[in-house]
Amino acid sequence: MSLFRLDASILPATSASRSLADLVEAEWTASHPNSTVTRRDLAADPVPATAWSDAVTGGTVAPEERTERQREARALASTLADELLAADALLFAVPLYNYGVSQHFKTWFDVAYTDPRIDPTGTALRGKPATLVTVLGGNYDPGTPKEGWDHSTPWLRRVLEDVWGLDLRVVQRPFTLVGVNPAMDAFADAAKELKENAEADARTYGQELAAARGAGVA
């Protein structure tokens, strides 16, 4: 049994997304104590910004005609895809940054997506169980002043659930800047409840991830 975990937070010591992902992973480990956890930390080891264009252009020429950078980018794409394909279950921890998708995650996805096994024609990941943990500094739910400003979660769901076909569950915690930004102190009670709800979801979805048929459990 194996779990692949990806973290995209640039602040690992205080990361709310990592804390929630830890709860998911703890449930996985409790069910599979001898399992392997493969980790990719995009803050500590970011995918080079130039790798995507090199991987794309490298795919348009014969292998013997590729430049060194193209060969390296194609090899990196294969490595990223291998990590996903080898795991029985997947865990992604991706915060909202500046109302959009983390650039670390977007670059990682773009490069991995050039591998033919999981590119637009590839179906190798379909049905694989996965959990997405995402956190938001504010609250962008319907009825809030910034409703619709979360341009990360919908995109993440689209590429993970619809493009790759993962069997996806989503843990989301809004208001993580309450207690950090004094201007948001008025939302302390709501933030506390949302944090508790997200932690409960993380434990529940961690248990479901560990028990998923796609993870090798009958």
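Which residues lie nearest the centre of the largest pocket? In this predicted model, they are Leu136, Gly137, Gly138, Thr176 and Leu177, which belong to a lining of 29 residues. The volume of the largest pocket is about 690 Å³. Its lining comprises 16 nonpolar, 11 polar and two charged residues. Among the elements that contribute to this lining, α1 (16-31) and β4 (96-97) each supply at least two residues.

The chain was next considered as a whole. Residues 1-196 are listed by UniProt, in an unreviewed entry, as "domain: Flavodoxin-like fold".

Attention then turned to the interior. In soluble globular proteins, nonpolar side chains tend to be buried together. The largest nonpolar core of this model consists of 30 residues, and the most contacts inside it are made by Leu6, Leu84, Phe92, Phe105, Trp108, Leu160 and Trp164. At least two residues of this core come from each of the strands β1 (2-7), β3 (89-93), β6 (129-135) and β7 (167-173), and from each of the helices α3 (68-86), α4 (103-112) and α5 (153-163). The greatest contribution is that of α4, with five residues.

Phe92 illustrates the packing. Leaving aside residues up to four places away in sequence, Phe92 touches Phe4, Leu6, Leu84, Phe105, Trp108, Ala130, Thr131, Leu132, Val133, Leu160 and Leu166. Another core, apart from the largest one, contains 16 residues, including Val24, Leu91, Ala93 and Val133.

Notes. Residues numbered from 1 in each chain as written. Predicted model: local features only at pLDDT ≥ 70, side-chain atom pairs only at ≥ 80, totals over all residues. Heavy atoms only, no water. Core = buried A, V, L, I, M, F, W, Y, C linked by side-chain atoms within 4.5 Å. Buried < 20%, exposed > 50% of the residue type's maximum accessible area, 1.4 Å probe, protein only. Helix = DSSP H or I, 4+ residues; strand = E, 2+ residues; numbered from the N terminus. Contact = heavy atoms within 4.5 Å. 1 Å grid on protein atoms, 1.4 Å probe; cavity = no way out; pocket = protein on both sides within 12 Å on 5 of 7 lines; lining within 4 Å. Points joined across faces, edges and corners; volume = space filled by probe spheres on them. Nonpolar A, V, L, I, M, F, W, Y, C, P; charged D, E, K, R; others polar. UniProt positions renumbered as here; feature names shortened; annotations may be inferred.
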